[in-house]
Amino acid sequence: MAFCKMVDFIYAVLPIRPLRAFLIRSHMESCPRCQARLLSRAEAGRLFVTSDRVGMPADLWGRITCQAERATPATEASSNQGGAGWRWATATATAAVVAVTGFWLLREIDRQGFDPGLVGAADRFQIDYVNVGGAPAQTFVYQPQGTDTVFVWAIKNP
Amino acid sequence: MDEQKRPAVEEKEIIEGCLRGSPVSSRAMVDAYGKLVMAVALNVVGNRQDAEDVCQETFIQVFRHLDRYDPMRNFRTWLLTIVYRRSIDMIKKKRRFSEFTARARFEPAVAERGGNPHFADPEPLPSALLTKLSPRERTALCLWANEGYTARDISEVLECSASTARVYLFNARRKIKALLENEHGLLQNG
C-alpha cells in the first residue's frame, strides 16, 4: 500500500513520459490495488458509441462522390503542377535577385578607394531646415555614439 | 459481416479496386468501414454533425492518398490514423470558432443545418464524462475499449511512442474512474 502511494507520488510530481510509462509498466499494470483504481475495458466500452450502434451518415456515398467530383484528381494535379511551377519561378527569381545584389555589394566593397566610413548614413546626413505646418520647426538632431543612426526630433514652434 | 473479422483477401481486393479507380470498390470501402469511421469520429469529436463531416473528409482523403498506403501496415490502423487527424483538425476548427458556437447553442434554428433536426435523433452519443479528457486521451481510451487496441497500436494511430500512448491511456482510465466514483459517491450521499 505504501509502495503504491510512493509510486503514485512519483507519477504525480514527475511529469516525464518515459518515467511514467516505466512506472505503469513495472508496477501499476500488475498491481491489483492500482488496477482497481482504473477504468476496466467493459466500463470504458459503455461510455463510447460502438460501430454496431452507430448509423451511417445519410447519403455518405453521395456526399463523397459530390466532393470528389468538385476536385477531381486531374484538376488537382494540374493545379498542383501550376502551383509548383509558380513556386519554382518565384524561388528562382528571388535567388537571382539575392545573388545579383550580393555580387554588386561585394564588388562595391572590394573596389579601390572604397571607404566604409564615407558611406555611413550619419556622415552623409545633411539637414537644412525642417518645416512643420508650413513654418520652421524647432529641430533636434541626435546621433547615439558609435552608431550610424540619426534621430531627428521636430517640434512645431509655439 | 463484422468489420473486425473482414477477411484480408476481401480487404485487399477492395484496396486494389480503389487504386484502379473502380467506383464499385470505393463504394464497397465506404460500406465496409463507414460505421467504424463514424463511430471513432463520433467518440473523438463528441457530436454527430462534426462526426459526419469527419467521416466524409476521411474517405475523400483515403481515396486521394490510397497510393501512399503501405500494404505492410494494418489498413484499419492507417484508416484510423486519418480519422484521428481529421477529428483533431475538426476540434481545432471548432475551438477557433468557439465564441460563435457558444452563441449558436442558444439558437438551435441557426445551429442545425440543412433542415435535418438532430435533436430528435435517437442515436447514441458518447458519455459527457469523456469531455473531461483531452482528444488524445479520448482517442486512446476509445481504441482500447472499442477496438481492443494495445498501447503499441494506439501509438501508431496517435503517431507517438508506445510509452506516450500508454501514459495517455492510463491517465484516461484513471481520470474517468475517479469521475465515476465521485459521481457515484454524490448520488449515494445526496
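Analyst: Where pLDDT is low, the predicted coordinates should not be read in detail. Chain B as a whole averages a pLDDT of 82, with 78% of the residues at 70 or above. The model scores ipTM 0.76 and pTM 0.65.

Some ground rules. This is a predicted model, so local features need pLDDT of at least 70 and side-chain atom pairs count only at pLDDT 80 or more, while totals for chains, interfaces and linings use all residues. Residues are numbered from 1 along each chain as its sequence is written, chains are lettered from A and ligands numbered from 1 in the order written, and side-chain values use heavy atoms, leaving out hydrogens and water.

Now the interface. Chain B puts 50 residues into the contact and chain A puts in 38. Together they bury about 4,100 Å², 64% of it from carbon and sulfur atoms; buried area is the accessible area (1.4 Å probe) that two parts lose on being put together, summed over both. On chain B's side, Gln56(B), Phe170(B) and Arg174(B) supply 15% of the area that chain B buries against chain A, more than any other three residues.

One example pairs the side chains of Glu52(B) and Arg63(A), at 3.2 Å from N to O. There are also 14 residue pairs in polar contact across the interface of chain B and chain A, with both residues at pLDDT 80 or more. A polar contact is a pair of N or O atoms within 3.5 Å; within protein, one must be able to donate a hydrogen and the other to accept it, and residues adjacent in sequence count only if both atoms are side-chain atoms.

Which helices do the touching? On chain B, α2 (23–45), α3 (48–65), α7 (135–146) and α9 (162–189) each supply at least two residues of the side that touches chain A, and α9(B) gives the most, with 13 residues. Helices (H or I, at least four residues) are DSSP runs, numbered from the N terminus.

Methods
Contact means heavy atoms within 4.5 Å. A salt bridge is a side-chain nitrogen of Lys or Arg within 4 Å of a carboxyl oxygen of Asp or Glu. pLDDT is the predictor's confidence in each residue, from 0 to 100.
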